[in-house]
Structures are given as structure tokens and as C-alpha cells.
Amino acid sequence: MRTKSVGKKKINVVTLGCSKNVYDSEVLMSQLKANGKEVVHEDRGDIVVINTCGFIDNAKEESINTILDYVEAKNRGEVEKVFVTGCLSERYKPDLIKEIPDVDQYFGTRDLPILLKHLGADYKHELVGERLTTTPKHYAYLKISEGCDRPCSFCAIPLMRGGHVSTPIEKLVLEAQKLAKKGTKEIILIAQDLTYYGLDLYKKRALGELLKELVKVDGIEWIRLHYAFPSGFPEDVLDIIREEPKVCNYIDIPLQHINSDLLKSMKRGTNHEKTNALLAKFREKVPGMAVRTTLIVGYPGETEERFQELKDWVREQKFDRLGCFTYSHEENTGAYVLEDNIPQEVKEARVEEIMELQSQISWEKNQEKVGKTFRCIFDRKEGNYFIGRTEFDSPDVDNTVLVSAEETYISIGEFAEVKITSAEEFDLYGELV
């Protein structure tokens, strides 16, 4: 048994799941630091706070395994306390208390002040907009709203995050200014639904107005849009993407499927024809814009014919970036009353088919970039390469640009012009111009 330290307790925050959780962990860490607490991110600590994800089966499994690992560490005397927060404990708190009672306390997604009190800290209202960022300092996530009002039948997010609440434009601008002063050059706008931004506060969709204010922030050079909903997308945003150099020619718009019957069952508020019309508008208004999407395969009722329709559509649309997931049958969602009638092995085989198809599309698109020059930002050095991204690529999920570290030097977090010399499915190789 380890001898417990008499001095200051170090708090280790562990983040699982999406970029929204990263943001929430950063807010928690900022509050702890302002209270004089020693705080680390995914390092060794006396007290552990696990920020969990409860979105789909794989994420839930990872969260539970992480909790069990730290409970075992606690039982061995390696950590003193284990606290659990985030989406999983918001959704399954009674079950978790029963199944994993050795956790000291469980908290939901809206329990930050209570969690802080258990950590011997007070919630400081004057810190709104302050974060202890865990990303490289040159980019940061900016969460513009919380929760979601959409009725998507497969999605449990409203159960865990509540209804949509937009953050006022002036608060977001202030937060962006603070990030810029710390050296942030790229901000990535995140939300459960960017498209809905502003409807609750301003009685209209205000993503365009927000962008017009954010581009005025000195020091911010790239602004990237993640997680826009297709139904009701504010088209004025496309004009801003085209006209404002700071707004990346990039959009992440999860479309989930293309079969009209499945989209109706999913309660997505769109169909095959409307989806294609929206994508055509994107490409007409912003030529060369990178479109990223995510798809779900294996949703109840996805026959072989409907899956083939999805494959044909992916082949036809040639998305710049694409992710694919198997349908997860989530209790208390609209789709839970449907029979989960696609075997797991069929779901996984369909993911492989889609991603194999996308790999070929990505390879073809990357070959078109060979010989061209792009402005890139460099995130890190790995082995013999500096790893960067174009404006068409978001960190961690998209393509990378590799420049030899043996022949040149690039400062991490800096922009550089790179001529592409060769390309693979998901990586571009280049040299400084």
C-alpha cells in the first residue's frame, strides 16, 4: 500500500469521447487551477476525474473499462479517489452506482459546480470563457452551444446533454480573443448542431453572424466548422465561407444515410433529393470546399438494396472526408422500438465496404493535389517528419501533410507553404516552397 501524500493532492482529468468532452475537461481544469489545485491531463494523480462518453456501445465500453482500471488502481492504493462525470454517468448513474460502487461519486453533464465542491473547489463565474487547453496551443475547440433539440431516432445525445442552448455571440468572441492571446491560430467550432445556433437566443439562425464577428479577432487565422445538421442549414454561411479568407473551405455535415425511407425513420427531416440538392449548393457556392460526412450502416430496415443505394451515392458524391459507424441500438431512443435486425458481422462488413470505397476516392483526390502548393499548419513532429494539415483537414480525423524533418526545419504551430510531391490514400508528402 502506497503511503498517502500529506501535501497537495494532484488531480488527474481523463477525457474520453468527442471534442465536446475535451472542451468540458478544459473548463473543469481551468476552474481547478484557479482554485489553486494542481491539475494534470491524463497523467499521474492522487485524485482521478474521468469524463466519460455514452454515445454508442464502443464508447460506453471504453468508458466502463477506464472506470474499472482506475477503481483497481484505487484498490491497490495507487490513487486515493475516483470521480466519474460526463455523458455515461448522466445517462446511467443508478446502474453505475449499483455495478461499480467503488467509485467515490458520479456526476452528470451539468454538475460542474457540485463536482468542483467535491474536489474542494468553488465554481468561479468570472472564469466563463477560460480554459486550460489540452490541445496543442495553436488550435482549440470553441463550443458554441450545448445540447440538441433534434429528434433523430438513433441518437441518445438529448438524453445526456439536454435541449439546445446557444452561447451568446459576445461571450464566444471574448473566448476567441483570450485563446488568440495565448497563441491559438485555429479555432474549431463545435456543437451537437451548428445549424441550430442562435434560434433560442436571437429567434433566427445566427451562425453567419457569429462567423462575421469571429473573423475580426486578431491572431485567429483559421476558423473551421464541425457538426452542421443538413436540415435547415443557413445558406448565408456558404457566402461567408467563400468570401472570408479566415473561414476554412471545409464543413463537417453528418448525413448518416441517403435512402429516403431510412432517413424518414431516422427523423432526419430530409430525403435523398434534398440531400443531393444541398450538396450541389455547397459545391456551387464554394467551389473546392472539402465536405466531410459520417454515415451509419446497419440501421433497422437497411436491406441489401438500401445499402447498395448508399454505396452508389458515396461513389457518386466523392466526399473529401468520410467516417462510417455501425448502428448502435440505444435504449430510450426513438429507434429502440424497432427490431435491431442486422447482424453485427453484417454491420461491420458494410463499414469495411464503405471505407474501402472511400479509401479509393481519397487516393484519387489526393493524386490531384500532387504538384500543387498549399498553405499548411504544422501540429507536431513524428519520427523523421513534420506533420501538418491543409485548410481542408481537421486535426485527428482527416488527412495529414508530411514534410521531411531531415532536410528542413518547421516550427510547430506555424504556417508554411508546401508543394505536394506524392500522395497516398490519407497522407500527402511535400516540401517547403
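**A walk through the model**

Modeller: Let us start with Val49, which is found in strand β3, covering residues 47–52; helices (H or I, at least four residues) and strands (E, at least two) are DSSP runs, numbered from the N terminus. Please keep in mind that this is a predicted model, in which local features need pLDDT of at least 70 and side-chain atom pairs count only at pLDDT 80 or more, while totals for chains, interfaces and linings use all residues. Residues are numbered from 1 along each chain as its sequence is written, and side-chain values use heavy atoms, with hydrogens and water left out.

Biologist: Is Val49 buried or exposed?
Modeller: Val49 counts as buried, because its relative accessibility is 1%, where buried means under 20% relative accessible area, exposed over 50%, and partly exposed in between, with a 1.4 Å probe and protein chains only.

Biologist: And which residues is Val49 in contact with?
Modeller: Leaving aside neighbours within four places in sequence, Val49 is in contact with Ile11, Asn12, Val13, Val14, Leu28, Phe83, Thr85, Leu115 and Leu119, and contact here means heavy atoms within 4.5 Å.

Biologist: How many residues apart are Val49 and Val370 along the chain, and what separates their C-alpha atoms?
Modeller: They are 321 residues apart along the chain, and their C-alpha atoms are separated by 46 Å.

Biologist: Switching to helices, where does Thr66 sit?
Modeller: Thr66 lies in helix α2, and with a relative accessible area of 13% it is buried. Not counting residues up to four places away in sequence, Thr66 touches Val14, Leu16 and Ile50.

Biologist: How do α2 and α3 cross?
Modeller: The axes of α2 (residues 57–75) and α3 (residues 87–99) come within 11 Å and cross at roughly 80°; axes are lines fitted to C-alpha atoms, for helices over the stretch in contact, and angles run from 0 to 180 degrees between N-to-C directions. That angle makes α2 roughly perpendicular to α3, given that angles under 35 degrees count as roughly parallel, over 145 as roughly antiparallel, 65 to 115 as roughly perpendicular and the rest as oblique.

Biologist: Which residues meet there?
Modeller: Lys60, Ser63, Ile64 and Ile67 in α2 meet Leu88, Arg91 and Tyr92 in α3. The residues of this contact divide into four nonpolar, one polar and two charged, where Ala, Val, Leu, Ile, Met, Phe, Trp, Tyr, Cys and Pro count as nonpolar, Asp, Glu, Lys and Arg as charged, and the others, Gly among them, as polar.

Biologist: What about α12 and α13?
Modeller: The axes of α12 (residues 304–317) and α13 (residues 344–367) come within 10 Å and cross at roughly 15°, which makes α12 roughly parallel to α13. The contact involves Glu304, Phe307, Leu310, Lys311, Val314 and Arg315 of α12, together with Arg350, Glu353, Ile354, Leu357, Gln358 and Ile361 of α13. Those residues divide into six nonpolar, one polar and five charged.

Biologist: And how do α11 and α12 lie?
Modeller: The axes of α11 and α12 come within 13 Å and cross at roughly 15°, so α11 is roughly parallel to α12. On the α11 side the contact is made by His272, Thr275, Asn276, Leu279 and Arg283, and on the α12 side by Glu309, Trp313, Glu316 and Gln317. By type, they divide into two nonpolar, four polar and three charged.

Biologist: Now a loop, please: where is Thr270?
Modeller: Thr270 lies in the loop between α10 (260–265) and α11 (272–285), and it counts as buried because its relative accessibility is 16%. The side chain of Thr270 makes a polar contact with the side chain of Thr275 at 3.4 Å; a polar contact is a pair of N or O atoms within 3.5 Å, and within protein one must be able to donate a hydrogen and the other to accept it, while residues adjacent in sequence count only if both atoms are side-chain atoms.

Biologist: What is the phi of Lys267?
Modeller: Lys267 is found in the loop between α10 and α11, and its phi is near 60°, a positive value in a residue other than glycine. Most residues other than glycine have a negative phi. Lys267 counts as partly exposed, because its relative accessibility is 46%.

Biologist: Which residues does Lys267 touch?
Modeller: Not counting residues up to four places away in sequence, Lys267 touches Pro151, Cys152 and Ser153.
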